[in-house]
Amino acid sequence: MTIEQDCVAVLAMDLGPAARAFLNRQCKSRLKKEPAMLKKTDLDELAKWCAFGLQPILGANVAENAKKGILALK
Amino acid sequence: MKIRRKLLLSYFLIVGLFIAAGATLTYNTVKMAELQTAVKQQVEINDNAYAYAQGLDQKQFGTLMYATDNTQEGERIIVASAETIAPAETYLQTALANDSALLAKFNEVVDMDRNTINPAIAQIATVYNSNENDTVKYVAIWEQLTIMMTAVSQADVKLADIRTATMGNVAVATVASQNYANFSTLLAIGFITAISVISVGLAVAMGNRITRPLKKLADIAHKVSLGDLKQRYYLKQNIDIKTGDEIDELVDAFKRMINAFRVTEALSMEVAETEEIVEQ
């Protein structure tokens, strides 16, 4: 599995079908790259932005879960 | 625990109660049947002891007739008495085998019959047919008749004791059987009550456990379907439904679905805002 697929799988635990769109948005707007181009070195930054993006929408718990899940991929 | 397992456990609990009730009632019924058999045997012992006593009385009466010059009729009655006594003796020897006290008492009766009564009758017949004068005959016959009648009386007393003992056993068995019957009735009432209460309790508990969270979920689904995604109620991740079964999985999936709606909505709004800024 690619890093993108791993990230989608982690985010899908809480976001379901919206996981891919959310990852896409975070990669393009925050990391300025396509999800397919994600590397392990991007995961710290990605985790931070995902948590930042999710907290106002779904609350701290989900944000924290997503952050931990992405960091675990390292 | 999964719903299926919960339902199966409830089912097995009820089935277990039914089996316990059935086993207990069957045990009581078997015990009552055993007591009935025991009562029947005691009654038969009583009847045979009575027949034996009747046979001895018959034998005594036949001997008296024989001694008073009714020899033919007397002999016929004595022979008939043997036909009454023999089967009764055979039955009692077998039936009393398990009761050593009563068997010993009955054996005393048999000994009296064989060693006292029968020899006295034989002696009476010998004297009656002898060539002695009437006075000598009268004295000798009367002596033997006295011995025989005394022995018959004693035998009657012992046989009466046996009959009293058997009637006592019948009374004890009847009381025991009645106790089993009363206990069975109480057990049946108890089990029926317990099974009814537990069945209703389980049905209500299981029904509530399954339908209550589903009703709550249906309520949430209804609001979500009307576009109501912004309430904190949905955002709160710990929707207070915890059943430990498939309903929990359904709740998790539902939460995920609501999250997806909210994220999608947020992303759409973000795009719209960006486009608005670009247009300006």
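Buried area is the accessible area (1.4 Å probe) that two parts lose on being put together, summed over both. The views below show a predicted model, in which local features need pLDDT of at least 70, side-chain atom pairs count only at pLDDT 80 or more, and totals for chains, interfaces and linings use all residues. Residues are numbered from 1 along each chain as its sequence is written.

**View 1. The interface of chain B and chain A.** About 1100 Å² is buried between chain B and chain A, with 65% of it on carbon and sulfur atoms. Helix 6 (residues 246–279) of chain B provides the largest share of the side of chain B that touches chain A, namely 10 residues; helices (H or I, at least four residues) are DSSP runs, numbered from the N terminus. Contact (heavy atoms within 4.5 Å) involves 12 residues from chain B and 14 residues from chain A.

**View 2. Helix 1 of chain B.** This helix has 65 residues and reaches 95 Å from its first C-alpha to its last, close to the 96 Å expected at 1.5 Å a residue; the expected span is 1.5 Å times one less than the number of residues. Just after helix 1 of chain B, D69(B) adopts a positive phi of about 75°.

View 3. T63(B) lies in helix 1 (residues 3–67) of chain B. With a relative accessible area of 1%, T63(B) is buried (under 20% relative accessible area, 1.4 Å probe, protein chains only). Leaving aside residues up to four places away in sequence, T63(B) touches I78(B), I121(B), I124(B), L145(B) and M148(B).

Methods. Chains are lettered from A and ligands numbered from 1 in the order in which they are written. Side-chain values use heavy atoms; hydrogens and water are left out. Helices (H or I, at least four residues) and strands (E, at least two) are DSSP runs, numbered from the N terminus. Buried means under 20% relative accessible area, exposed over 50%, partly exposed in between (1.4 Å probe, protein chains only).
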